[in-house]
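User: I'd like to go through a model together, starting with its charged contacts. Can you take my questions one at a time?

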Amino acid sequence: MALCRSTWLSTLFNKAPTIAASAFSRCNFAALIAFSCLYIMKSTEELSGIAQQVRRDIVRMVHAVNSGHPGGSLGCTDYFVALYFHILNHRPDGFDMNGHGEDLFFLSNGHISPVWYSVLARSGYFPVSELATFRKLDTRLQGHPTTHEGLPGIRVASGSLGQGLSVALGAAQAKKLNGDPSIVYTLHGDGEIQEGQIWEAAMYAAHHKIDNIISTIDVNGQQIDGPTEKVMSLGNLRAKWEAFGWTVCEMEGNDMAEVLKGLTHAKSLTGQGKPIMILMTTSMGKGVDFMEGTPKWHGVAPNDAELANALGQLTETLGDY
Amino acid sequence: MLNFEITGSNDTRSGFGAGLLEAGKRNPNVVALCADLIGSLKMDAFLKEFPERFFQVGIAEANMMGVAAGLTIGGKIPFTGTFANFSTGRVYDQIRQSIAYSGKNVKICASHAGLTLGEDGATHQILEDVGMMSMLPGMTVINPCDYNQTKAATLAIADFEGPVYLRFGRPKVPIFVPADEPFVIGKAWHMHHGKDVTIIATGHLVWKAVEAAQQLEAEGISVDLINIHTIKPLDVDAIVKSAAQTGAVVTAEEHQLIGGLGSMVAQALAVHQPTPLQMVGVNDSFGESGTPEQLMKKYGLESQDVYAAAKRVIAMKK
């Protein structure tokens with residue numbers, strides 16, 4: 001059960017998954033579909049509102065310290081909001097490293113920490129005011145996520161790319177050993193999968209039939225030196241992952257309704273003997289027109305005028321920190 | 001009398017295998033991973049007893065370190081098994097970020113360390129692993145000296161919370177540590193008390209140091225013999241006390257002099273108790289193919305080398 005602190009959402013969010021689960025257990029698919037449509041239609045607008053606020057947080061955070069990674073953060077905002085405010089069964093209050101009985105999330109491309117920190121704070125893992133400490137001396141919100149400073153919600157350090165899938169697979173196997181039916185989620189950059197360890201992990205997951213994992217690749221087609229196609233072509237991603245034994249889905253990552261539908265569908269594919277990969281198409285810098293679709297804003301912060309421009313495009317729905 | 005009874009001969013990796021099986025019986029959270037070297041690491045017994053708690057990862061050590069880190073999330077105590085070279089240098093960044101910096105309770109168990117791997121040659125004979133692992137904040141580094149001590153160390157690290165690097169080897173060596181000798185992580189084993197020279201040894205060099213000490217004692221030189229099995233955290237207190245008493249120190253290890261036990265003892269002495277020091281180890285060189293015996297002789301890691309170092313350091317005393 002998602003326990004969200006945001007009062008204007010809590011009633012809806014706390015009840016909806018229970019109703020959905022009971023619909024599943026009765027195999028009443030007609031009721032489930034009818035309910036899902038109603039629920040998603042109702043909640044999509046509110047989730048999009050949260051995403052507006054998270055995007056404001058992102059640009060304000062990186063502007064404040066003149067560093068950080070806004071591009072990928074903005075592109076993945078809708079995914080993070082859908083995950084933390086709708087999909088995950090998690091306990092923001094009383095964070096527990098082992099996460100028994102909870103769904104877990106691992107961010108492998110740790111440089112998009114701004115979006116994760118914002119969503120963690122906005123869903124109740126730590127005070128929203130702490131976002132103001134991002135990348136500053138003595139902060140728990142390090143440039144790249146870490147367990148070292150004890151920030152609730154983080155279960156492993158990431159930033160050096162290509163390592164998160166392996167860690168998530170270990171956590172997923174621990175859940176199986178513990179008889180815990182929860183699901184493990186991961187997010188990766190598309191450039192990141194140029195790392196060889198990703199493919200070691202891909203092979204491992206299929207071999208060991210780890211079917212309680214839903215991984216997502218943020219396919220924005222950009223990396224630091226330019227388009228992935230130019231830097232190091234990824235080829236046919238669907239064919240690659242299918243050849244490695246994964247069930248592959250595709251999802252439009254900047255449409256909240258599509259993200260909810262895609263993640264819900266992926267969830268329905270767990271427990272079938274195969275790991276699940278979602279290829280999520282996003283636009284880097286989504287939501288701020290001058291940051292969109294270019295690698296220029298991968299790791300560059302906006303100046304004062306650019307911040308004002310960006311904030312003018314994003315509605316303050318939950319109150320700035 | 002400086003006298004240790006040899007009760008048998010076996011490889012330290014078999015001590016690991018026996019310890020792992022026992023740890024698995026004592027604690028259901030102990031799990032094991034191996035990168036296609038089950039027989040070499042002596043992990044067969046654990047696999048047979050606990051197949052559902054054993055994970056074959058294939059020849060993919062980077063993934064193994066990550067999966068091990070993940071298994072700790074959920075309360076497991078993973079033991080990874082591969083050669084020392086593939087346990088450290090090949091996966092340094094995975095250990096650094098996913099295990100050490102993340103504070104994960106992973107036990108990195110590394111066999112075939114050092115020159116005594118033998119004929120496979122320098123590609124596999126890692127002599128830098130202790131240095132690499134010791135530099136990582138929060139990493140415990142242990143290099144036991146015989147079958148009994150390796151088994152005891154394996155059981156001890158299963159009960160210890162935090163990342164550990166456990167280094168052992170391939171060849172059969174004398175068993176001389178009493179089976180009931182307590183193993184305390186971070187605490188030196190003071191093997192013999194003496195007043196003329198301190199010999200500090202780790203791993204396979206401990207038995208060489210015993211032989212050297214016997215020769216020195218036969219000449220009337222009194223030897224303070226210390227086994228450092230836990231290289232990090234180093235038992236500085238034991239080292240400094242002994243150095244203050246003897247005024248001359250020798251270190252001995254199957255590792256590079258740079259970054260190994262000798263370096264760390266030198267650092268401790270320089271800060272706390274400046275003392276004449278001679279170091280036995282590999283001097284900024286790769287190894288090569290050969291039998292373990294030939295290699296130990298060629299690279300100066302025999303009991304005669306420890307003996308000679310002791311004579312040199314005694315001559316350095318005022």
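User: Which residues are linked with Arg56(A) in a network of salt bridges?

Analyst: Before the answer, some ground rules: this is a predicted model, where local features need pLDDT of at least 70, side-chain atom pairs count only at pLDDT 80 or more, and totals for chains, interfaces and linings use all residues. Residues are numbered from 1 along each chain as its sequence is written, chains are lettered from A and ligands numbered from 1 in the order in which they are written, and side-chain values use heavy atoms, with hydrogens and water left out. A salt bridge here is a side-chain nitrogen of Lys or Arg within 4 Å of a carboxyl oxygen of Asp or Glu. The residues networked with Arg56(A) are Glu316(A) and Asp320(A).

User: How many salt bridges does the structure hold over all chains?

Analyst: One of them joins Asp57(A) to Arg122(A). Counted over all chains, the number of salt bridges is 23.

User: How far apart in sequence are the parts that Asp57(A) and Arg122(A) tie together?

Analyst: The closest N and O atoms of this pair are 2.8 Å apart. Asp57(A) sits in helix α2 (residues 29-65) of chain A and Arg122(A) in helix α5 (residues 113-122) of chain A, so the parts tied together are separated in sequence by 65 residues. (Helices, H or I with at least four residues, and strands, E with at least two, are DSSP runs numbered from the N terminus.)

User: Which strands stand at the edges of the open seven-stranded sheet in chain B?

Analyst: The strand order is β3-β2-β4-β5-β7-β6-β12, with mixed pairing; two strands pair if DSSP finds at least two bridges between them. Each edge strand has a single partner, so one side of each is left without a neighbour in the sheet. Those edge strands are β3 (54-56) and β12 (230-232).
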